[in-house]
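Work through these exercises with the model in view. Try each task before reading its solution.

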Amino acid sequence: MPTKIALVGIGKIAVDQHVPALAASPDFTLAATISRKGEVAGVPSFTDFHAFLEACPDVPVVSLCLPPVPRFDYAEAALLAGRHVMLEKPPGATLAEVHELQALAASRGLTLYATWHSRMARAVAAAKAWLADKAVHEAHITWREDVRKWHPGQDWVFEPGGMGVFDPGINALSILTEILPQPVHLTEATLEVPANRQTPIAAQLRFTGHVTADFDWRQTGPQTWDITVETDRGPMALRMGGNVLEIAGKPVAGDADIMGEYPALYARMADLLRTRASDVDLAPMVHVADALSLGRRQTVAAFDF
Ligand code: NAP
């Protein structure tokens, strides 16, 4: 029998990815939604999370698709009510709050899954396997996309805790921290913050190990989500957000046309539930916190949607 699951925060990513992934999932059935405005046709809906917890003791899993700042209160309430929890990325607004959730889940024997959807892109596992026995000489991330396309009107991304361009940039860092055979740490960052906003619209990062990153949210036209790596045995590139692997310039694995990231996240959640385990890797968020801590701020042109 599929496990009943509730989705919280019916907005862009819930509608684009979570609802279709759950509709196709052999492991889960969407039993409730909790959102102040959003709904999913044919699914019982609640506007208040505590009302849901009281009314639906038979729904053991909740998946939180709302922005990072409001997420902690929902995650904590769910765990206190004995529910397993799946978190959209970034897993929280601060590292400390996610540590708290980890401890709470562990103390209650519940599953907490901090998802990183980009790690499920089709060529990430192949890139990790290829790099495993190589010496990395340098690596560069280019993550340039159009904030108006992917976050239309979402002012929360420019508010404290919204992380600005690190909202997509953390996807690149989730891949980097998955595939590199050796860990790196941030040494320098420049943060380009619009004059009327609180968070960066672009950032340039430098890490140990000759690893650099260029994040920019002002790219119109074709979007760029590339990671290139130079090794002792030649170059490797992950393109299309981790969906295509190139070795020495030739595509060898992946598929840019089939997006399987969210179905893979729900399959992983089902595995974690079966094995009564949690999966919370905060490495990508540590790099973002370090960049926001160490970064040199430059004020750039005001930004409005
Ligand atoms: P969104 O559409 O702005 O927000 C999702 C929903 O969360 C909203 O529709 C809203 O639903 C609820 N919500 C917003 N602020 C809230 C608050 N203060 N308190 C309670 N509920 C609130 O955002 P999104 O693009 O779906 O992103 C949500 C998360 O998914 C983020 O962490 C983001 O990084 C991640 N994500 C987004 C994308 C993307 O392409 N946009 C891709 C991958 C992952 P109600 O108003 O109905 O309550």
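**Exercise 1: Backbone contacts of the ligand**

Task: find the distance from an oxygen atom of the ligand to a polar backbone atom of Arg36.

Solution. Start at Arg36: a polar backbone atom there is 2.8 Å from an oxygen atom of the ligand. This is a polar contact (a pair of N or O atoms within 3.5 Å). Next, take Lys89. A backbone N or O atom of Lys89 also lies 2.8 Å from a ligand oxygen.

The model is predicted: local features need pLDDT of at least 70, side-chain atom pairs count only at pLDDT 80 or more, and totals for chains, interfaces and linings use all residues. Residues are numbered from 1 along each chain as its sequence is written, and side-chain values use heavy atoms, without hydrogens and water.

**Exercise 2: The shell**

Task: how many residues surround the ligand, and how do they divide by type?

Solution. Count residues with a heavy atom within 4 Å of the ligand. There are 26, and Ser35, Arg36, Lys37, Lys89 and Asp167 are the closest. Now sort the shell: twelve nonpolar, seven polar (Gly is placed here) and seven charged. Then look at helices (DSSP runs of H or I, at least four residues). α1 (12-23) and α3 (68-80) each supply at least two shell residues. The largest share, four residues, comes from α3.

**Exercise 3: Placement**

Task: why does the ligand lie between domain 1 and domain 2?

Solution. Domain 1 (3-114) and domain 2 (121-260 + 289-300) both give residues to the shell, so the ligand lies between them. These bounds come from an automatic or database domain assignment.

Notes:
A residue is near a molecule or strand if one of its heavy atoms lies within 4 Å of it. A polar contact is a pair of N or O atoms within 3.5 Å; within protein, one must be able to donate a hydrogen and the other to accept it, and residues adjacent in sequence count only if both atoms are side-chain atoms.
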